Amino acid sequence: MRLFTEHIKRKTFLLDGLWDYAIDEKDIGEEKQWFRHFPCNAEKTAVPACINTRFGYINFQSIIWYKKDFYAEGNVVIKFNAVTEFAKVYLDGEYLGEHYGGFTAFEFEKKLKPGIHSLVVRVDSSSNEDTIPLWEVDWHHYCGIIRSVEVSCFNDVAIKAMRAEYELSDELTSAEVKIYVKLKNYLPFRCTKLLSVNIDNEKVYSNTVEIDEEEEICVSFVLKNIRLWELDSGNLYTITVQTDNDDLIDKTGFRKIEVKGKGIYLNNKRISIMGVNRHEEHPDWGFAMPPQLNVKDMDILKNLGVNAVRGSHYPNTQLFVDMCDAEGILFWSEIPMWGFEKESLDRSLVIARGLNMHAEMVNQYYNHPSIIIWGMHNEIATDSPQGYSITEKFVKYVKSIDNSRLITYATNRILKDDCLKLVDFISVNQYVGWYEGDIEDWEGFMSNMKNSLKEKGVGDKPIVMSEFGVGAIFGNKNFEELRWSENYQVKFYKHTLDLFLNDNDISGVYLWQFADIRSNAKWSLLRARSFNNKGLVNEYRQPKLSYYAVKEMFENERDKRRRC
Ligand code: ADA
């Protein structure tokens with residue numbers, strides 16, 4: 001699940017494998033107490049996986065029950081790395097807890113007698129006006145237990161979390177580091193433990209701590225001669241927190257990201273983002289891509305020469321973000337709030353769920369140095385008071401829990417957007433040359449946009465072109481540059497990249513998109529084959545002509561910047 005070992009001492013195992021499952025489209029399972037008496041005709045399905053990749057389930061978006069028996073004893077924590085979307089969890093016939101939100105982890109704990117225990121999960125993936133995502137999005141609603149389920153057993157004290165905060169010196173050569181460690185004591189009495197914290201091989205803390213029930217320890221120290229985390233060189237430090245019988249290992253990197261005038265600066269150097277939007281999706285696996293497919297995507301991205309990825313439109317697996325950390329590739333992480341119109345934006349459940357999704361994303365991904373951007377939402381009604389109010393709430397909240405990264409949202413209504421002053425930089429989704437106008441109309445659009453931003457008083461903020469692209473059906477090559485052909489896509493990117501990468505007002509690009517994705521079958525005229533076909537590679541990662549054209553342009557740009 002991660003690129004490195006998280007625990008050496010902790011007793012932990014995965015429940016991945018075949019589980020019993022039963023479909024509950026009529027929603028009778030709770031009444032019939034399936035959490036106690038699981039249907040006896042239940043068949044098997046794999047976890048982690050999306051049910052939709054099985055025969056006959058492609059459009060399934062309703063309730064499934066899952067069951068798995070396992071042996072454990074003591075203080076047991078069951079961690080679900082992601083369940084899409086609404087999970088109710090029962091253990092040995094009793095309700096344990098519930099969680100809403102499909103792309104972040106959650107856990108429940110219980111003291112168990114030695115023996116076989118029965119875990120039942122009711123997964124509801126239906127959508128309505130209160131769900132994030134809404135029912136209509138431009139991707140496929142895959143559902144199920146999409147990431148691993150992990151069981152850990154503790155005798156006494158557990159290391160629950162570790163967060164590494166730091167402040168770099170002006171010269172970026174040293175850092176004042178604060179490591180916050182959360183401990184939980186499962187014993188019914190106060191307990192004493194020797195706690196140590198190492199950064200790489202250097203011991204920065206070793207002390208006896210006393211824990212009642214829960215304790216947070218802050219370890220402060222100055223780290224000198226820092227190897228900075230940079231583009232293309234993901235210099236990482238390993239932080240190991242341990243007691244006599246538990247441990248937590250994580251990696252972080254030291255870097256400074258900020259906005260100055262119209263530029264985005266990493267470690268005091270202005271950067272030009274050369275990125276793609278990527279859905280963590282594959283038609284045979286849905287969201288539950290096996291690790292090797294994620295590794296292969298990273299191979300393809302490196303070969304393409306990107307320096308950034310936007311995890312459109314939901315938090316990605318930690319494994320993928322770990323790879324971005326290790327490769328020195330910037331990552332934009334966002335919650336799946338996509339395309340909300342103003343009517344849905346002041347619903348209290350939507351606001352509460354959105355805030356909670358931000359809280360979970362920030363807390364779980366905090367230590368990743370590659371994440372430089374928290375994305376608040378994508379293409380919502382930011383031209384309305386409701387859009388303003390929710391954006392303001394999100395920005396204020398996220399800044400209050402993490403003030404070390406940049407905040408933005410992607411707008412598809414740049415000329416009438418009312419929320420731009422709330423964010424650190426402006427992100428523009430625009431499809432000139434596809435849904436509107438011709439490729440040659442981009443110049444006119446850009447100059448209108450810049451004038452309008454000046455008039456709105458936000459002309460001094462950096463601008464990132466967060467989405468632009470055109471559809472191309474893999475294999476459709478012509479002598480002409482007609483729409484839906486690979487040749488038209490090449491023409492489009494040659495024109496737009498030439499324009500954006502040479503424009504000093506533009507701080508970066510995220511092409512739409514890395515790979516073709518399965519999409520909304522109802523939009524058949526816009527989504528040929530029921531896929532969004534704007535990928536540089538198709539859904540099986542076969543390269544289109546545009547892949548090579550973009551690779552060449554990114555390489556030239558890198559050379560140009562190296563020479564400067
Ligand atoms: C939007 C949206 C993407 C995708 C894209 C497209 O900008 O954010 O998810 O739907 O348009 O292909 O039209």
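A: One term to begin: a polar contact is a pair of N or O atoms within 3.5 Å; within protein, one must be able to donate a hydrogen and the other to accept it, and residues adjacent in sequence count only if both atoms are side-chain atoms. This is a predicted model: local features need pLDDT of at least 70, side-chain atom pairs count only at pLDDT 80 or more, and totals for chains, interfaces and linings use all residues. Residues are numbered from 1 along each chain as its sequence is written, and side-chain values use heavy atoms, with hydrogens and water left out.

Q: How far is the side chain of Asp138 from the ligand oxygen?
A: An N or O atom of the Asp138 side chain is 2.4 Å from an oxygen atom of the ligand.

Q: And Lys534, what distance from a ligand oxygen?
A: For a polar side-chain atom of Lys534, 2.5 Å. For His313, a polar side-chain atom lies 2.7 Å from a ligand oxygen.

Q: New topic. At what angle do helix H1 and helix H8 pack?
A: H1 (residues 291-304) and H8 (residues 545-563) pack at about 55°, with axes 8 Å apart. Helices here are DSSP runs of H or I, at least four residues, and strands are runs of E, at least two, numbered from the N terminus. Axes are lines fitted to C-alpha atoms, for helices over the stretch in contact, and angles run from 0 to 180 degrees between N-to-C directions.

Q: Which residues of H1 make the contact?
A: Ile300, Asn303 and Leu304. Contact means heavy atoms within 4.5 Å.
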